[in-house]
Amino acid sequence: MVTKQYTGSPDEADLRRADSLAREIFSDLANKWALLIVEALGERTRRFSELRTEVDGVSHKMLTQNLRMLERNGLVERTVHPTVPPRVDYTLTEPGQALRATIAGMCDWTHTYLAHIDASRRRFDA
């Protein structure tokens, strides 16, 4: 997952501009796995293998890439314990917890409108 380096100020962040920090962050988070990983981290610290089990279908590579992106954006904290083999834990930071609250709203919306969306898709595809 490669994102360009943003050189402007956060005040210039505007989702409508292709070169904005806001657009870059939004693009990082609006992928197939990032929101599911944040939700899986929830209220507790998890190991890589726990996350891989929790996020059904994510590959080792995609989980690694998304955890690195979330860490880069300051949403996940990675802690390496000096053991053999090394133990690595992941936890949400304060901004990560705030994002999780937003994701909870999206999950609620999905549950509320799931039947409506399913019916609309069936009508459209018919």
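Two residues are said to be in contact when they have heavy atoms within 4.5 Å of each other, and this term will return several times as we walk through the structure. The model is a predicted one, in which local features need a pLDDT of at least 70 and side-chain atom pairs count only at pLDDT 80 or more, while totals for chains, interfaces and linings use all residues. Residues are numbered from 1 along each chain as its sequence is written, and side-chain values use heavy atoms, with hydrogens and water left out.

We begin with the overall plan. The secondary structure of the protein comes to 5 helices and 3 strands, and from the N terminus on these elements follow the order α-α-β-α-α-β-β-α. Here helices (H or I, at least four residues) and strands (E, at least two) are DSSP runs, numbered from the N terminus. Of the 126 residues, 27% count as buried, where buried means under 20% relative accessible area, exposed means over 50%, and partly exposed lies in between, with a 1.4 Å probe and protein chains only. Among contacts between residues at least 6 apart in sequence, 45% join residues at least 24 apart.

In helix α1 (residues 21-29), the buried residues are E24, D28 and L29. They lie on the same side of α1, because they cover an arc of only 125 degrees around the axis, the arc being that of the directions from the helix axis to the C-beta atoms. The cover over these buried residues includes α2 (34-41), α4 (60-72) and α5 (94-125). In α2, the buried residues are A34, I37, V38, A40 and L41. They span an arc of only 160 degrees around the axis, so they too are placed on the same side of their helix, α2.

Just after α2 the chain reaches G42, which takes a positive phi of about 45 degrees. This glycine lies in the loop between α2 and β1 (46-47) and is buried, with a relative accessible area of 6%. Leaving aside its neighbours within four places in sequence, G42 is in contact with L92, Q97 and R100. G42 and G96 are 54 residues apart in sequence, yet their C-alpha atoms are 9.4 Å apart in space. Another pair of this kind is A104 and E39, which are 65 residues apart along the chain and have their C-alpha atoms separated by 7.9 Å. A104 has its place in helix α5 and is partly exposed, with a relative accessible area of 31%.

A cis peptide bond joins V84 and P85, with omega at about -5 degrees. As background to both backbone details, most residues other than glycine have a negative phi, and most peptide bonds are trans.

The largest pocket has a volume of about 160 Å³. A pocket is found on a 1 Å grid over the protein atoms alone, as an open set of points where a 1.4 Å probe fits, with protein on both sides within 12 Å along at least five of seven lines, and its lining residues have an atom within 4 Å of a point. Grid points are joined across faces, edges and corners, and the volume is the space filled by probe spheres set on the points. The lining consists of F48, H60, T64, L67, R68, E71, R78, V88 and Y90. The elements that give two or more residues to this lining are α4 and β3 (87-92), and the largest share, 5 residues, comes from α4.

Finally, helix α5 holds both W109 and Y113, which are 4 residues apart, about one turn of the helix. Their rings form an aromatic pair that is tilted, with 5.9 Å centre to centre and 45 degrees between the planes. Rings of Phe, Tyr and Trp (its six-membered ring) pair if their centres lie within 6.5 Å, and planes under 30 degrees apart count as stacked, over 60 as edge-to-face and the rest as tilted. W109 counts as partly exposed at 48% relative accessibility, and Y113 is partly exposed at 40%.
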